[in-house]
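Open your viewer and get ready to click along. Could you take me on a short walk through this model, one selection at a time?

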Amino acid sequence: MKNLSSAPSSDTLSRAMQSLEKHTPMMQQYLRIKADHPDTLVFYRMGDFYEVFFGDAEKCSRLLGITLTQRGSTNGEPVKMAGVPFHSVDQYLAKLVKLGESVAICEQIGDPAASKGPVERKVVRVVTPGTLTDSDLLPEKSERPLLAICSINDRKRITLGLAWLSMASGALTLMELTESPQSLYERLTQELERISPAEILVGGQEEFEALQNLHATAVPAWHFEPVHGEKALREQLGVATLDGYGAQGLSSALGAAGALLRYAQSTQGRGLQHVRNVRVESENEYIGLDGATRRNLELTECLRAQDEQASGATLFSLLDHCRTAMGSRLLRHWLHHPPRAQDIAASRHAAITALLRADVCAGLQTTLAAVPDIERITTRIALFSARPRDLAGMRSGLQQLESLRAYVSLGAANAGAALLKALHNELATPFDCLDLLERSISLEPAAMVRDGGVIARGFDEELDELRALSENAGQFLLDLETRERARTGIANLRVEYNKVHGFYIEVTHGQTDKVPDDYRRRQTLKNAERYITPELKAFEDKALSAQERALAREKHLYEKLLDNLGRYIDALQANARAVAQLDVLAALAFHAAQSNWVAPKLVKEPLLQIEQGRHPVVERHIERFIANDCMLNADRKLLLITGPNMGGKSTYMRQVALIALLAYVGSFVPAASAVIGPIDRIFTRIGAADDLAGGRSTFMVEMTEAAAILNGASENSLVLMDEIGRGTSTFDGLALAWAIARHLIETTRSYTLFATHYFELTQLPQTLPAAANVHLSAVEHKDSIVFLHAVQPGPASQSYGLQVAQLAGVPAQVIRAARKHLAVLETHSLQATPQFDLFSAAPASAPDDIPEDEHEVIQALDKLDPDSLTPRDALDELYRLKQLLKK
């Protein structure tokens with residue numbers, strides 16, 4: 001954890017501060033600034049470079065691979081330093097932030113010409129992993145939120161408050177978690193996996209196990225005071241009460257929000273005027289997906305992440321036909337946040353249906369491709385960090401809104417397309433803002449304001465005049481020379497310039513008697529006199545500094561423009577949200593039409609009925625995918641899935657979960673039809689992996705995930721269990737698998753897909769009617785096997801383990817030895833399925849089998865009241881019970 005309150009270099013800095021007078025003036029300035037940012041790399045602007053000194057220089061040299069040098073000395077010690085060019089600083093910042101470092105940008109704010117000592121400098125912003133807004137530093141298709149955690153323990157309960165802010169969009173969200181301590185921190189882990197923060201703020205030395213391997217920053221504990229947090233949030237939103245946002249009374253969440261806002265403002269060096277709203281999330285708002293489920297379903301990350309060929313085999317990469325970056329980010333958010341409320345998903349289904357019926361997807365996507373990242377540009381406008389090309393992009397994006405509205409209106413004409421009608425209203429063009437951008441910004445502005453050529457001609461009269469002076473000085477002098485020759489009658493009069501005397505009119509000695517009265521002598525030469533006139537002097541004052549003054553004027557106008565654009569932030573954010581939603585809906589509609597997906601039907605009854613379902617990702621990577629049905633309802637809660645390895649059991653289970661998830665995301669689904677009831681959580685226990693760093697074996701990881709499912713699943717949960725119990729001995733694993741399956745049927749009553757190689761479990765439906773057997777079919781041909789991948793009723797006949805091993809390339813002699821040993825094992829088996837007795841015996845429910853003398857001991861134990869016994873009495877009772885056993 002990165003701790004701001006106890007910097008490793010604080011002692012060194014303290015000693016340096018105590019002897020400041022021994023350092024050079026510039027180094028004194030640097031040390032004062034560094035003392036305010038002891039844990040942060042300080043990029044100290046010197047001319048065209050950002051320099052780092054001492055320990056920062058050594059660290060940057062190591063992390064960035066830049067040269068470490070020693071220049072001069074201060075306080076008798078050589079100064080270690082390194083530097084990066086100011087014009088390419090972003091690439092170095094991106095690398096440092098990726099490594100988890102924070103960087104304070106210290107700029108020259110004084111005038112070097114007017115400074116007697118070091119030029120005045122100050123830290124204008126601090127770049128941290130969670131407060132990025134620059135496009136060069138941010139991933140285009142994902143968010144990098146900043147999150148704060150506040151814990152309040154009032155003895156009766158522990159409440160965790162979460163507040164997270166996407167600095168690049170201005171979206172602020174609050175949430176509170178209140179459960180038992182153990183489940184509370186498990187829930188915190190799940191929420192952190194869902195939110196995926198780039199940086200986490202915690203108070204003082206407080207640490208949570210869930211924060212391991214995450215970038216955590218410690219800030220003073222008093223920053224988390226709920227009273228101060230509520231006040232800060234009200235001031236940020238400009239309201240007198242938070243009741244309208246549903247945030248009143250959320251003490252721990254408000255404490256987290258206060259710390260978050262304070263930290264974010266300090267890093268930006270200004271207010272957060274783009275944070276205009278706050279959203280309170282409830283614990284039950286979205287379908288629960290823990291980290292294991294997100295990974296196993298490969299929503300946005302492939303399980304084989306190190307395999308470059310597999311990097312595109314995720315649900316997100318499959319569906320991301322979005323034409324804007326903000327659309328891609330929203331699609332990613334939807335996949336990780338499927339709402340439980342069926343009406344939200346249904347409105348999206350209706351919108352996709354309307355777009356397909358109106359046949360506007362192609363036109364929409366072509367128009368959307370011309371829209372830049374309005375969301376992040378709006379943030380940079382609010383933070384005064386927008387660059388000229390950002391504004392040019394914003395202008396072109398706003399120019400597309402009317403075309404987008406025209407397409408949306410065609411779709412909104414369909415009945416039931418309420419979402420499209422709402423988007424049509426939110427896409428209204430802010431014409432005043434667009435007019436300002438069209439008048440003020442050049443068609444192709446320079447990359448930076450300092451380069452000039454940003455403000456359009458005709459926008460500012462003074463700037464146009466300065467530019468004309470700079471660009472047309474030669475022509476002005478020729479015109480002046482012609483006029484003065486005509487006025488004076490001096491044919492050889494010349495208007496010239498040199499660096500020493502500036503502009504002048506030169507007249508030979510023989511013509512000086514013709515010089516007008518308004519000429520003032522500037523210099524006498526051997527053969528000529530040089531003069532200046534009021535008009536030439538005025539031109540000189542303008543021309544000599546015209547370019548410099550034009551750049552200064554342009555910078556002033558640009559800053560004023562950003563300030564004026566601030567009044568349109570609400571409208572621009574509404575436009576950005578509407579464009580992002582429209583982009584996602586168009587992408588989902590495009591994919592549905594391209595892949596023959598259908599609209600699912602969401603119902604209130606407990607039901608999961610899929611006809612001819614397909615795995616959305618796998619079907620795109622193989623020539624022919626075998627579609628399969630799935631039927632679960634109130635009377636049929638668990639499918640026991642058997643079949644050979646590689647037969648398709650895991651694919652079948654995953655496709656059912658993905659179809660259910662897609663339906664609630666609001667997408668069409670890969671099936672002939674799908675009718676799905678309420679779902680509150682999706683759990684998966686698939687695959688085998690250990691956790692060596694956490695000291696957990698493969699089996700321990702498996703049991704931990706199983707425990708989370710058994711403790712958290714409800715009758716509306718969808719559970720995928722793949723080969724549970726295989727990591728221990730046969731009988732232990734079989735017993736655990738049987739007990740877990742029975743618990744899921746009788747206690748949690750979850751929708752369950754239970755894949756297993758324990759054929760003994762296929763007897764469960766005989767005693768538990770809510771369970772049913774299905775299997776993935778395969779056909780043997782000589783010594784090989786052909787997988788049919790079709791789900792059929794009933795249990796499988798065998799696992800075909802040796803045939804799969806042969807396909808995997810296991811040496812032939814090993815396969816032959818295995819066949820011989822298998823024959824021996826089958827010969828010596830006392831019965832065809834010797835482990836069935838595990839289920840026929842029911843020791844817990846057969847007390848009559850207990851010997852009579854043990855009954856006496858049990859009765860004696862039952863009569864004991866441990867709470868009323870003294871230690872001596874308890875010891876006596878123990879001896880008495882032992883005597884009873886001896887009889």
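Here is a tour with a few stops, each starting with something to select. Keep in mind that this is a predicted model.

**Stop 1: alanine 259**

Start by selecting residues 251-268, which make up helix 7, and pick out alanine 259 within that helix. Is alanine 259 buried or exposed? Its relative accessibility is 1%, so alanine 259 counts as buried, the cut-off being under 20%.

Now show what surrounds this residue. Leaving aside residues up to four places away in sequence, alanine 259 touches Leu201, His223 and Phe224.

**Stop 2: charged pairs**

Next, turn to the charged side chains. Side chains of opposite charge can pair when their charged atoms come close. How many salt bridges does a search of the whole structure find? The search finds 40, and the next selections visit some of them.

Select glutamate 193 and arginine 295. They form a salt bridge, with 3.9 Å between the closest N and O atoms. Glutamate 193 sits in helix 5 (residues 181-195) and arginine 295 in helix 8 (residues 291-296), so this pair ties together parts 102 residues apart in sequence.

**Stop 3: buried pairs**

Move on to aspartate 373 and arginine 329, another salt bridge, whose closest N and O atoms are 2.8 Å apart. Where do the partners lie? Aspartate 373 is in the loop between helix 12 (361-368) and helix 13 (374-382), and arginine 329 is in helix 10 (residues 325-336), so the pair ties together parts 44 residues apart in sequence. Both aspartate 373 and arginine 329 are buried.

Then select glutamate 554 and arginine 467, whose side chains meet in a salt bridge of 2.8 Å, N to O. This pair links distant parts of the chain, 87 residues apart: glutamate 554 belongs to helix 21 (residues 546-565) and arginine 467 to helix 18 (residues 461-471). Glutamate 554 is buried, and arginine 467 is buried too.

**Stop 4: a network**

For the last stop, select Arg187, Glu191, Arg194, Arg279, Glu281, Glu283 and Glu285 together. Salt bridges that share partners join these residues into one network.

Methods: Residues are numbered from 1 along each chain as its sequence is written. This is a predicted model: local features need pLDDT of at least 70, side-chain atom pairs count only at pLDDT 80 or more; totals for chains, interfaces and linings use all residues. Side-chain values use heavy atoms; hydrogens and water are left out. Helices (H or I, at least four residues) and strands (E, at least two) are DSSP runs, numbered from the N terminus. Buried means under 20% relative accessible area, exposed over 50%, partly exposed in between (1.4 Å probe, protein chains only). Contact means heavy atoms within 4.5 Å. A salt bridge is a side-chain nitrogen of Lys or Arg within 4 Å of a carboxyl oxygen of Asp or Glu.
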